[in-house]
Amino acid sequence: MAKFLVTGGAGFIGGNFLHRMVKQYPQDEYVCLDALTYAGNMETLQPIMNCSNFKFVHGNICDRDFIFKLFEEERFDYVINFAAETHVDRSIKNPEIFLKTNILGTQTLMDASLKYNVRRYHQVSTDEVYGDLPLDRPDLFFKEDTPIHTSSPYSASKAAADLLVLAYHRTYHLPITISRCSNNYGPYHFPEKLIPLMIQKALRNEPLPVYGKGENVRDWLYVDDHCIAIDLIVRNGNDGEIYNVGGHNEKTNIEVVKTILNILNKPESLISFVQDRLGHDLRYAIDPSKIEKELGWKPLHNFNSGIQETVKWNLENQEWLSHVESGEYLKWIEEHYNS
Ligand code: NAD
Ligand code: DAU
């Protein structure tokens with residue numbers, strides 16, 4: 001039996017991770033800590049709220065006193081840090097909160113992990129720390145030793161956090177692992193990100209805003225495959241190691257958007273090319289051979305099956321989406337903490 005702290009579990013990937021783990025490991029205990037920012041949603045945790053091995057705690061990873069008290073009370077064996085500000089476009093408009101949460105929040109969690117001797121601190125990182133690859137070199141992939149070279153305030157903050165995690169390992173011998181995954185998609189994806197945004201716009205016959213010429217490439221991974229990889233790394237990964245996670249599903253943005261329109265039987269005339277993102281990364285592509293060889297991980301979904309399932313989930317969960325779009329989901333905080 002082990003006790004896990006999962007931060008950022010009311011968000012997209014952390015929520016999917018908890019849905020799977022709480023049911024897969026009934027002997028383990030999972031505590032979800034989340035600040036419930038605009039990206040955190042208690043409705044995402046509904047499927048596991050009544051499970052006896054699950055508990056939700058509302059709090060901020062930057063709040064040192066609160067974090068140390070929580071660690072003192074709960075005595076976690078494992079800490080998995082999903083909590084972060086994650087939207088590149090928001091980081092371009094307002095970098096500061098990205099630096100606070102993504103860097104200083106990580107430091108606070110690691111300080112508490114050191115004091116309370118956790119068995120493993122796992123940092124959920126991103127392939128964006130490697131910067132981008134050229135469009136005309138399909139032979140190039142991100143490997144774990146590809147130099148860090150960031151583009152946006154978001155990716156710079158994630159890279160800074162990764163360096164700090166490695167420093168805590170070397171200097172204080174904190175037992176750590178880091179995963180760097182490519183773009184995720186699937187259920188409970190906040191509709192400010194490309195795939196859920198385009199599905200919602202297409203359903204309403206609204207213009208689909210594609211940045212630049214739509215030629216940028218992302219390497220899409222179904223969220224469940226990322227969650228399985230993190231679980232494997234936390235339980236079986238080697239101390240101090242970085243693992244890249246990706247399934248070789250590279251697509252240009254325009255291909256992704258056309259696929260969504262095709263599944264929904266909507267016309268391509270809905271596509272609207274708009275001003276490009278500042279500093280827009282051209283291509284991401286992961287080489288996952290280390291996690292495949294060392295931990296036996298392989299993705300279970302390819303893009304064709306995953307995107308069909310994702311469109312279906314969005315169609316069947318319009319209530320969850322409409323509460324996100326209207327801000328209704330934020331009422332949970334008001335009802336629970338301000339009444
Ligand atoms: P998300 O934005 O959907 O969720 C983030 C969660 O963190 C939210 O529930 C939010 O309330 C919480 N949070 C934010 N600030 C907090 C704070 N100060 N204290 C406590 N909780 C806080 O993000 P996501 O897409 O699920 O990403 C999760 C992690 O995975 C992030 O670290 C991200 O960098 C990484 N990642 C994401 C992707 C992707 O494609 N989405 C790919 C690779 C890595
Ligand atoms: O690679 C992992 C990263 O993937 C994560 O670390 C980030 O947290 C996550 O948000 C995601 O970052 P991206 O910037 O790649 O995702 P986003 O969905 O914002 O954009 C995907 C691509 O689509 C990107 O090339 C920009 C483009 N785009 C995005 C939006 C929101 C558009 O063309 N139009 C849009 O409206």
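## Surroundings of the ligand

In this predicted model, ligand 1 is surrounded by 28 residues, of which I13, D34, T86, Y154 and K158 are the closest. By class, this shell comprises 13 nonpolar, 13 polar and two charged residues.

Three elements, α1 (12-24), β5 (120-126) and α5 (153-172), each contribute at least two residues to the shell. The most is given by β5, which supplies three residues.

## Polar contacts and cover

Ligand 1 has polar atoms placed against both backbone and side-chain atoms of the protein. A nitrogen atom of the ligand lies 3.0 Å from a polar backbone atom of I61, and an oxygen atom lies 3.1 Å from a polar backbone atom of F82. On the side-chain part, an oxygen atom of the ligand is 2.6 Å from an N or O atom of Y154. Of the 840 Å² of accessible area that ligand 1 has on its own, the protein covers 96%.

## Packing of α1 against α7

Two packed helices are described by the angle between their axes and the distance between the axes. Helix α1, which also supplies residues to the ligand shell, has an axis that comes within 9 Å of the axis of helix α7 (residues 223-236), and the two cross at roughly 60 degrees. The crossing of α1 past α7 is right-handed.

On α1, the contact is made by F12, I13, N16, F17, R20, M21 and Q24. On α7, the contributing residues are V223, D224, H226, C227, I228, I230 and D231. Taken by class, the residues of this contact are eight nonpolar, three polar and three charged.

Notes: Residues are numbered from 1 along each chain as its sequence is written. Chains are lettered from A and ligands numbered from 1 in the order in which they are written. This is a predicted model: local features need pLDDT of at least 70, side-chain atom pairs count only at pLDDT 80 or more; totals for chains, interfaces and linings use all residues. Side-chain values use heavy atoms; hydrogens and water are left out. A residue is near a molecule or strand if one of its heavy atoms lies within 4 Å of it. A polar contact is a pair of N or O atoms within 3.5 Å; within protein, one must be able to donate a hydrogen and the other to accept it, and residues adjacent in sequence count only if both atoms are side-chain atoms. Accessible areas come from the Shrake-Rupley method with a 1.4 Å probe; for residues, only the protein chains shown count as cover. Helices (H or I, at least four residues) and strands (E, at least two) are DSSP runs, numbered from the N terminus. Ala, Val, Leu, Ile, Met, Phe, Trp, Tyr, Cys and Pro count as nonpolar, Asp, Glu, Lys and Arg as charged, and the others, Gly among them, as polar. Axes are lines fitted to C-alpha atoms, for helices over the stretch in contact, and angles run from 0 to 180 degrees between N-to-C directions. A crossing is left-handed if the near helix is turned anticlockwise from the far one by less than a right angle, and right-handed if clockwise. Contact means heavy atoms within 4.5 Å.
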